[in-house]
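Dear colleague,

Please find below the structure I am handing over to you. My findings follow directly after it.

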Amino acid sequence: VQLVESGGGLVQPGGSLNLSCVASEFTLDYYAIGWVRQAPGKEREGVSCISSGDDSTYYADSVKGRFTISRDYAKNTVYLLMNSLKPEDSAVYYCAAPNGYWCGYEYDYWGQGTQVTVSS
């Protein structure tokens with residue numbers, strides 16, 4: 001199971017980025033997919049997750065109302081649309097998958113991460 005993130009970069013406060021997570025050599029249809037971030041010197045934080053099948057979603061309080069997770073089954077891709085970005089959103093963002101349909105379980109598979117920097 002290989003996950004590849006893209007879409008990170010440098011953005012000004014208040015700006016937006018849309019991260020993508022693509023699966024290589026397997027289908028995402030049967031997996032929940034989450035986004036986890038880690039800033040230097042800070043603990044890893046689960047940001048959002050989307051389950052497979054019913055597409056139920058979870059958001060951390062710190063991003064609720066600003067971030068939107070979605071999935072495109074035809075493109076085998078999960079997205080994280082990040083609006084109203086703040087400097088404290090700066091981190092490496094990883095997509096990850098548990099070995100199953102539902103969010104709320106330990107992640108077994110990880111991408112390599114994409115850097116998001118919010119700065120003026």
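Please bear in mind throughout that the model is predicted. Serine 90 counts as buried, because its relative accessibility is 18% and the limit for that class is under 20%. Its side chain has a polar atom 2.9 Å from the backbone oxygen of proline 87, and a polar atom of that side chain also lies 2.8 Å from the backbone nitrogen of valine 118. Apart from neighbours within four places in sequence, serine 90 is in contact with Ala39, Val116, Thr117 and Val118.

Arginine 71 is buried but forms no salt bridge. The nearest side chain of opposite charge is that of aspartate 55, at 4.3 Å, whereas a salt bridge requires a distance within 4 Å. The side chain of arginine 71 does place a polar atom 3.0 Å from the backbone oxygen of tyrosine 31, and the backbone oxygen of isoleucine 50 is 3.5 Å from a polar atom of that side chain. Residues touched by arginine 71 include Leu28, Asp29, Ser52, Thr77 and Val78.

Tyr30, Tyr101, Trp102 and Tyr105 make a nonpolar patch of about 510 Å². Of these residues, tryptophan 102 is located in the loop between β9 (91-97) and β10 (109-110). Tryptophan 102 is classed as partly exposed because its relative accessible area is 43%.

Yours sincerely

Conventions:
Residues are numbered from 1 along each chain as its sequence is written. This is a predicted model: local features need pLDDT of at least 70, side-chain atom pairs count only at pLDDT 80 or more; totals for chains, interfaces and linings use all residues. Side-chain values use heavy atoms; hydrogens and water are left out. Buried means under 20% relative accessible area, exposed over 50%, partly exposed in between (1.4 Å probe, protein chains only). Lys and Arg count as positive and Asp and Glu as negative; His and the chain ends are not counted. A polar contact is a pair of N or O atoms within 3.5 Å; within protein, one must be able to donate a hydrogen and the other to accept it, and residues adjacent in sequence count only if both atoms are side-chain atoms. Contact means heavy atoms within 4.5 Å. Patches are made of residues with over 30% relative accessible area and no salt bridge: like charges are joined within 9 Å, nonpolar side chains (Val, Leu, Ile, Met, Phe, Trp, Tyr) within 5 Å. Accessible areas come from the Shrake-Rupley method with a 1.4 Å probe; for residues, only the protein chains shown count as cover. Helices (H or I, at least four residues) and strands (E, at least two) are DSSP runs, numbered from the N terminus.
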